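Have the model open while you read.

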Amino acid sequence: MAGLQELRFPEEKPLLRGQDAAELENSDTFLLAVDTDWKEHDIETPYGLLHVVIRGSPKGNCPAILTYHDVGLNQPQASAPLRSATAERCVFADKLCFNTFFNFEDMQEITKHFVVCHVDAPGQQVGASQFPQGYQFPSLEQLAAMLPSVVQHFGFKYVIGIGVGAGAYVLAKFALIFPDLVEGLVLMNIDPNGKGWIDWAATKLSGLTSTLPDTVLSHLFSQEELVNNTELVQSYRQQIGNVVNQANLQLFWNMYNSRRDLDINRPGTVPNAKTLRCPVMLVVGDNAPAEDGVVECNSKLDPTTTTFLKMADSGGLPQVTQPGKLTEAFKYFLQGMGYMPSASMTRLARSRTASLTSASSVDGSRPQACTHSESSEGLGQVNHTMEVSC
């Protein structure tokens, strides 16, 4: 893996310098200029081009952190100063979906150990051309099948995926189809269920009576947040309506609402049950639109390798409203896989009933703690649940 640090990629495009946040908010520039390590790539896949933004190089035998956004949450947002001068210097561009989370000061302790790769669904990046009439948007299964091209392009051995909503579904499908490429998954607001006829009809009716941004907002935020029309909701309504190509967004939204069941079952519940083989952290906020779906997904996964994090007072987007607590939980999740053993854990109360640990170091061989059945001996059917309150 050490040799991969010297690879050069022909499509890389260094970020622009000399623009401040105000200029970037009012331009089509996709990346903030503060962190010059970020580079854009357009990668050929079996189902078309993927726009990817990456920071860093593969480090030792570490996996890459690969993110996939939810519908409407792919564009960047100029970052407000965070909690210290160090954090202000660490401001960098990632998507509106993950901006607050990855800009959080404590997250820098994690990202310095890993290469970070943000993937845009086709046609969803800022400045994307509108797809031609009759274009067939890839199914969610096909979106998952595009990701090995990203892994191969950068020479990653495997990835730790972080997905939200539609992106969580895509990454879960990716892990089911290509389990050897996925070291772990953080799935926020995942709904493992396909849409039935009633859901389809309701979506169609909503499309007739509401604008596309408002329809997407009802997918992202809790009813309380929408009723209160918080500043956060207003900001996202403006971004979704003005930054993303609306025709392309509609295609992505339609395909997400045409998804099939994820087709997973807890081992032992049905013959030849198919489930995610890697460690998984499920995340959802109290009263979030996806709460029921995440709870059901938890019931279908192996409890010995699954952590369920339910966050109080976080609304529909816990990575935006509670980045500190999510960062702490992510550190704990990584330590369970043997990474970052010396990272400090200070704010999150440890209420997991059991933990999976490994003595492997960040530069050692691939950790085995959660990837093989023998690592969970003695745990029985203990489920790892963290209830986090403010």
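Q: How are H8 and H10 oriented to each other?
A: This is a predicted model, where local features need pLDDT of at least 70, side-chain atom pairs count only at pLDDT 80 or more, and totals for chains, interfaces and linings use all residues. Residues are numbered from 1 along each chain as its sequence is written, and side-chain values use heavy atoms, with hydrogens and water left out. The axes (lines fitted to C-alpha atoms over the stretch in contact, angles running from 0 to 180 degrees between N-to-C directions) of H8 and helix H10 (residues 231-242) come within 9 Å and cross at roughly 130°. Angles under 35 degrees count as roughly parallel, over 145 as roughly antiparallel, 65 to 115 as roughly perpendicular and the rest as oblique, so H8 and H10 are oblique.

Q: Which residues of H10 does H8 meet?
A: Contact here means heavy atoms within 4.5 Å. On the H8 side you'll find Pro 213, Asp 214, Val 216, Leu 217 and Leu 220. Their partners in H10 are Val 233, Tyr 236, Arg 237, Ile 240 and Gly 241.

Q: At what angle do the axes of H8 and H11 cross?
A: Helix H11 covers residues 246-256, and its axis comes within 11 Å of the H8 axis. H8 and H11 are oblique to each other. The crossing angle is roughly 40°.

Q: Is Asp 70 buried or exposed?
A: Asp 70 lies in the loop between strand S4 (64-68) and helix H2 (85-89). Among the residues Asp 70 touches are His 219 and Leu 220, not counting residues up to four places away in sequence. With 2% relative accessibility, Asp 70 counts as buried.

Q: How far apart are the C-alpha atoms of Asp 70 and Trp 253?
A: Along the chain, Asp 70 and Trp 253 are 183 residues apart. Their C-alpha atoms are separated by 9.6 Å.

Terms used:
Helices (H or I, at least four residues) and strands (E, at least two) are DSSP runs, numbered from the N terminus. Buried means under 20% relative accessible area, exposed over 50%, partly exposed in between (1.4 Å probe, protein chains only).
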